[in-house]
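Take a look at the fold below.

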Amino acid sequence: MRMLNMGKQGTAHAHDLIGSNIENVIRTLPNPIMVVQLGFQAPSRFLFAYDASPTAKKVLVLIASSPLLNGLEYDLVIVGEPSDEHERQLAQAKQVLKSAGTMGEAKLLQGEVVPVICQHAVEVECDLIVMGAYAHSRIRQFIVGSTTTGILKTTRTSMLLLRYN
């Protein structure tokens, strides 16, 4: 299997709920997983939530080398405080995508990660959020929470999740 597609919910009740099996499926499968929203259409623009972690760097390489997102415009985003390091990380990641022939913008956004990413996706009309998934252990998730789960619960945008151990 090259990629698993699944709906955000088993039944379409409330947008802030996620199906009870999504996290287990994402944590179990090494394959890319597309979590689609009701009324899904092929994306024309995607948001890549980048944090320069080892997982995010692997996702960056996959985006650059895969035909899956080829030809789509992107918004590459890091959420954090302004710094030379963040600007350097954005420039490096943008160069990787540019070398692959992908066009888009790189932005440093400030605030809390989950609401900032979800709001930015709406503002720039991204049809897809691409990110690494569940890079931390369940114990850490229990203590500090999970960005992946937060975005899954909050967004009304479909997501492409990539998991690397």
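Which residues in H2 meet Ala93, Val96 and Leu97 in H3? They are Leu60, Ile63 and Ala64, where contact means heavy atoms within 4.5 Å. The contact of H2 with H3 comprises six nonpolar residues, no polar and no charged; Ala, Val, Leu, Ile, Met, Phe, Trp, Tyr, Cys and Pro count as nonpolar, Asp, Glu, Lys and Arg as charged, and the others, Gly among them, as polar.

This is a predicted model, in which local features need pLDDT of at least 70, side-chain atom pairs count only at pLDDT 80 or more, and totals for chains, interfaces and linings use all residues. Residues are numbered from 1 along each chain as its sequence is written, and side-chain values use heavy atoms, without hydrogens and water.

Now the geometry. The axes of H2 (residues 54-65) and H3 (residues 84-99) come within 8 Å and cross at roughly 20°. H2 and H3 are therefore roughly parallel, a label for angles under 35 degrees. The crossing of H2 past H3 is right-handed.

Turn to helix H4 (residues 113-123). Its buried residues are Val114, Val116, Ile117, Cys118, His120 and Ala121, buried being under 20% relative accessible area with a 1.4 Å probe, protein chains only. They pack against strands E3 (45-49), E4 (73-79), E5 and E6 (128-132), and against helix H6 (147-154). Just after H4, glutamate 125 has a positive phi of about 60°.

How far can the model be trusted? Mean pLDDT, the predictor's confidence from 0 to 100, is 83 for the protein chain. Confidence is highest in E5 (residues 104-109), at a mean of 96, and lowest in H5 (residues 138-144), at 43. Over residues 136-145 the pLDDT is below 50.

Technical notes
Helix = DSSP H or I, 4+ residues; strand = E, 2+ residues; numbered from the N terminus. Axes fitted to C-alpha atoms, helices over the stretch in contact; angles between N-to-C directions. Parallel < 35°, antiparallel > 145°, perpendicular 65-115°, else oblique. Left-handed = near helix turned anticlockwise from the far one by under 90°. Buried < 20%, exposed > 50% of the residue type's maximum accessible area, 1.4 Å probe, protein only.
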